[in-house]
Amino acid sequence: MTVPEPAAPADGPLSGAAARPRARLAAWAFWIGLCAMLVLYLLGYPDGSAPVWMRALLKAAFNALAALWIHADARDRGWGAGGALAASVSGLVLVELAVPVHLVRSRGWRGALRTLPGFVLRVVLTLLAAMLALVLWGLLMPAG
């Protein structure tokens, strides 16, 4: 399988990440959605005893948000509609494998490794935001 050729880089003020508005918007939707799902899950089931349907629904929503980002990133990088659709469908099915594969296919090994610190930072910030929301919820809505 060949890697699709990326689109020609934009010159001027819209180069780099600013030239990929769909991917940026999808990334924000992914992180905001992930944070909201985590907070709602922890507020509703602080002991982790969520019913199976709730865990399945959250997993499906997580996969859908990741697939949305994969599709937007692939289209913004100049992939054809078929390649972007195939990558996003694989994200719907098995996101744990599809995201790293997409990163390597679209950016190469070095580019994928460069995105790792930013990804880890975003995960840590998401977890901190969820914990802050839980603390604020406990302060504002005391049990009683």
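View 1. Leu125 sits in helix H4; helices (H or I, at least four residues) and strands (E, at least two) are DSSP runs, numbered from the N terminus. This is a predicted model, in which local features need pLDDT of at least 70 and side-chain atom pairs count only at pLDDT 80 or more, while totals for chains, interfaces and linings use all residues. Residues are numbered from 1 along each chain as its sequence is written, and side-chain values use heavy atoms, with hydrogens and water left out. With a relative accessible area of 48%, Leu125 is partly exposed (buried means under 20%, exposed over 50%, partly exposed in between; 1.4 Å probe, protein chains only). Leu125 is one of the residues of a nonpolar surface patch that also includes Leu121, Leu128 and Phe119. Together the patch residues have about 930 Å² of accessible area (Shrake-Rupley method, 1.4 Å probe; for residues, only the protein chains shown count as cover). Patches take residues with over 30% relative accessible area and no salt bridge, joining nonpolar side chains (Val, Leu, Ile, Met, Phe, Trp, Tyr) within 5 Å and like charges within 9 Å. A salt bridge is a side-chain nitrogen of Lys or Arg within 4 Å of a carboxyl oxygen of Asp or Glu.

**View 2. Helix H2 and the residue that follows.** The 25 residues of H2 (residues 52-76) should span 36 Å, and the end C-alpha atoms are 36 Å apart, which agrees. The expected span is 1.5 Å times one less than the number of residues. Buried residues of H2 include Met54, Asn63, Trp69 and Asp73. Just after H2, Gly78 has a positive phi of about 90 degrees.

**View 3. The largest nonpolar core.** This core has 12 residues, among them Ala26, Trp69, Ile70, Trp79, Leu103 and Ala112. A nonpolar core is a set of buried Ala, Val, Leu, Ile, Met, Phe, Trp, Tyr and Cys residues joined through side-chain atoms within 4.5 Å. Helix H1 (21-44), H2, helix H3 (81-93) and helix H4 (95-140) each supply at least two of the core residues. H2 gives the most, with four. Apart from this core lies another, of seven residues, including Leu34, Met37, Ala66 and Val95.

**View 4. Surroundings of Ala112.** Neighbours within four places in sequence left aside, Ala112 is in contact with Leu103, Val104 and Arg107 (contact means heavy atoms within 4.5 Å).

**View 5. The protein chain.** The chain has four helices and zero strands. Of its 144 residues, 26% are buried.
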